[in-house]
Each structure stands twice: as structure tokens, then as C-alpha cells.
Amino acid sequence: MSAVQILLLISAYFLVLMIISYFTGKNDSNSDFFKAGRQSPWYLVAFGMVGASLSGVTFISVPGWIEASEFGYMQVVFGYLFGYFVVAYVLLPLYYRQNLTSIYEYLLERFGNVSHKTGAFFFFISRVLGAAFRLYLVAIVLQQFVFDDLGVRFEFTVVLSILLIWIYTNRGGIKTIVWTDTLQTLFMILAVVLSIIFINRELEWSFGEFLVSDELKNYDKFLFTDSLLERNHFLKSFIGGMFVTICMTGLDQDMMQKNLTCKTLKDAQKNMVSFSLVLVAVTFLFMLLGALLFIFAGKNGISIPLMDGKPKSDLLFPEIALNSGLGLTLAITFMLGLIAAAYSSADSALTSLTTSFCVDFLHIEKEKEADQKKIRKRTHIAMSVMLVLVIISFKYILNSNVIDSLLTVAGYTYGPLLGLFAFGILTKHEIQDKFVWLVSGLSVLIIWMIANIPKEYLGGYVVGYELLPLNGLLTFFGLWLIRKKSAASKLASGQ
């Protein structure tokens, strides 16, 4: 598939998104931008959230991770499933009961202004990095297979990607995204299913023959229980996955903003449960595709593509789909899936960043009604520029597999959010609000120090995704230390 053909495909795809944006953004109100008028059908939100959760990271990076980890990522996914039920039946009732626009407003009501700002700040950092990771991955694929041939610099690729997202989300916001995510999820699932079919056909296998093949057995291990010292032990992966979901979905404005567009709490819970089950099944398909890609590459002498002189397993899927002679249909299917995967998460991230900054930092509701829309639009532009700068910086500093990097960063940035919400929900204590930023900062610092302890000093133990719950626990403990004493305890201590 030539670079020109890919550009035409991208143009046609975005034309469809612009048409959706035109009809969903006619009102162009802050209410529709932030909450979609709370009129979204739950099944539409559920299906669209599959694509937003998978994103370009799953589409590209999970298949590319198979050689190093086999099916070990499924251990994390099983943890995800348990975490989604916690979100549905613990956190969603809280958000609906308080009728929140930004979920971090809960921290304002529960603890105070500093806690509110601290929670919003850590979300802000988390979502900027998360969205940048996802878009970076797609940008390097577009650069490698399209724009390098046209002599276009990587920086232009990034600017173009963000500009297109800004255009179709500028008016409708979350109302537009609920509908575009549905279309993008459909393309993504179609891409992985057709890719499996076409590659199996080239290998002269049926799907059943592939599942029982000796070649698949080289990659099919998904339970790692040999040693708790190892980073990928089942227990560590499962617990880490559960808390990643609780934090990256339940405590994340991006994902929760879509849930909060449902008409009722019951609808939002049906959305969350059904979405989680579909997500597990679809992720397993991606793992199968990853194994199939490496099998196909081995049989046909295809090497892992290089980027800046280094092997980049994230580029194996696009290399096979676009350059291995499997036909135009597979190439088109892959590109549609890739574009859908990228923008289904990036567009909602841009919208949620705009929402959180307007509500949590600018307190837009306190401004004159005539000025509120102007503030929202300027903020939307500012968030777009910031994403461009962060994504470009990743090209020069990121070395590891993108999904591994994403989950590692989550351990640092979502931990304070986990601790704050857990303390607010599980206890009735008030805290000395002015010290919350200090507690959260120290928790992140301690976690960073723990993560960098050489395994020789820990008896061979390798720290993994359990950093996230440990970070939350440290924050929880710090909040306990700065809790306000009750009148009874003050009297008992003679104060």
C-alpha cells in the first residue's frame, strides 16, 4: 500500500468523523461538551469504550510484546476484569449520587481545595502522558510507513494528528466522542479479526488448526507462577492489573466522563460490566494475533523492523500488514484499525483534559455565562499544543515497549489518586488539607526509590506493576498521619 493510498484512506476516514461531528456538535454548548446532556445510550457508550480502552497501544504494542512475554499480559487483563466490577459498584454510585462533572470535585467536597487540586493535578499528568504514549505509537507507524517516503518530518506528523483531533472535537466534545468511539471500535475489532483470517489463509491454516499448532505452543504460556521474585508473577500481575483498572478507569476523568453521560446509574453499571467482558475477549484476540505475527515472520524470514537503528517490535504488525505482500485488503483493514485505535483514545483524552482543566483549575462555572464557551475553546487549543510537545519529546527519550512504559508510569501517577479516593471512601476522617500535596509527593518519591533498588538488594525480587497499589497504600498511610483528631480523641489526650 503506497503512502498516497494511505493518505487518501486517512482523509476519507476523517471526513466521516467530521460529518459525525457536524451533527453532534450543532448545539456547541458546554453542557454537551462536558456531559452530552446525560442522554447517551449505555450500550453505545459500552461499545465505544472498548476502542478507547484498547487504543493504539493495544493494537500495535500488545501483539509486538508476545515474543518477550508470551500470553503473560492476560494475567494483567484478568486483574482488569475484577477492577471493572469495583468501578461499577463502588465508584460509579458515588459519582452519580453527587452529580459530578469532574470526578475530582469529590475530593473538594470530601477534604478541601488542596486535595481537589492535587487529585486533578495527578490526573492531568497521568492523562497527558497516557494520551501522548498512545499517539506517539501511532505517529511513529505513520512516520515509518507514510511520511518518511514523502520526506515529511516526524514533528509534522504529530502536529497533523493533533490538529485533526482538535477539529472534530472542538464543538461537540464528549457528545461527539460517544458516537465516533463506536465507529472506531468497530473498525478496530474488524481489523484484528480480518488480520487473523488473512494471515492464517496465507499460512494455509484454518483458525482451529492455528489454535492447536505446535508453533502457537511456543507462545501460549499465560500463567507465570514459578517465582514470586519475578516481575511477571501471576499474583503481582493480577493485583497490579486490578488497581490499574480502578485507577486508569475508575479514577480517570477521561473514562468516567463517558460513563457519566449515561441517563442513570443503572445504565452506567450495565455499560461497565458488559464493556469489561467484551474487552477481555477482544484483548485475547490481540494476543492470538501477536503470536500469529511472529509465527508468520519466522516462516517468511521477516525481521523486526528497525527504528533509529534499533529493533522495534511495536512495528512488526504494520510491517507485515503493509509490506509482506498479503494484499491491499489487509493493508486497508490494518490502517483503518490503526487510525481508529489511535484516535478513539486520543480524542477523548483531549476532551477530558479540557474538561478537567476548565472545571478543576479554572472553575469555569463561576465565570460569566457569556465567557464560559470562550474559556473552554481556548483551553482546548492549549491542551492540543501541550500534547504535541510531549509526543515529540518521546521520540528522543522512549526506549522500551510502549505498553510496558504506560503501565509503569501509571504506577507513579495514579497512586496518589488511589490513596486519596480510598481514604475518602473507606474512612470518615477529615484531614489537614494543606499537607496533602506533601503526602502525595513523598509517596511518589518513595515509590521511585523502591522501583530503582537493584534486585540483588531485594533477594532477587523484581518490582513490577504492584508499584501502583503500594503507592496508593503509602498515600493512604500518609493521609492517616495528617488526619484531624476527633473531639473525643483530643479530650482523651488532654488537648
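At what angle do the axes of helix α19 and helix α20 cross, and within what distance do they come? I put this first in the notebook, working from a predicted model.

**Entry 1: α19 and α20**

I took α19 as residues 436-451 and α20 as residues 467-481. Their axes cross at roughly 145° and come within 9 Å. I noted the crossing as right-handed. On the α19 side, I listed Val436, Val439, Ser440, Ser443, Val444, Ile446, Ile447, Ile450 and Ala451 as the residues that meet α20. Their partners in α20 are Leu467, Leu470, Asn471, Leu474, Thr475, Gly478 and Leu479. I then sorted this contact by class and found 11 nonpolar residues, five polar and no charged ones.

**Entry 2: α7 and α16**

I next looked up helix α7, residues 154-169, against helix α16, residues 369-397. The two pack at an angle of about 150°, and their axes are 10 Å apart. Angles over 145 degrees count as roughly antiparallel, and α7 and α16 are therefore roughly antiparallel to each other. I recorded that α7 passes α16 in a right-handed crossing. From α7, the residues in contact are Phe154, Glu155, Val158, Val159, Ile162, Trp166 and Thr169. From α16, they are His380, Ile381, Ser384, Leu387, Val388, Ile391, Ile392, Lys395 and Tyr396. I counted the residues of this contact as 11 nonpolar, three polar and two charged.

I checked helix α13, residues 265-300, for its length. Its 36 residues reach 52 Å from the first C-alpha to the last, close to the 52 Å expected at 1.5 Å a residue. Gly301 follows α13, and I noted its positive phi, near 65°.

I did the same for helix α8, residues 174-202. With 29 residues at 1.5 Å a residue, α8 should span 42 Å, and its end C-alpha atoms lie 41 Å apart, so the two values agree.

**Entry 3: the chain as a whole**

I closed with totals for the protein chain. How many helices and strands does the protein chain have? I found 21 helices and two strands. Of the 495 residues in the chain, 58% are buried. I also looked up contacts between residues at least 6 apart in sequence, and 85% of these join residues at least 24 apart.

Conventions:
Residues numbered from 1 in each chain as written. Predicted model: local features only at pLDDT ≥ 70, side-chain atom pairs only at ≥ 80, totals over all residues. Heavy atoms only, no water. Axes fitted to C-alpha atoms, helices over the stretch in contact; angles between N-to-C directions. Helix = DSSP H or I, 4+ residues; strand = E, 2+ residues; numbered from the N terminus. Parallel < 35°, antiparallel > 145°, perpendicular 65-115°, else oblique. Left-handed = near helix turned anticlockwise from the far one by under 90°. Contact = heavy atoms within 4.5 Å. Nonpolar A, V, L, I, M, F, W, Y, C, P; charged D, E, K, R; others polar. Expected span 1.5 Å × (residues − 1). Buried < 20%, exposed > 50% of the residue type's maximum accessible area, 1.4 Å probe, protein only.
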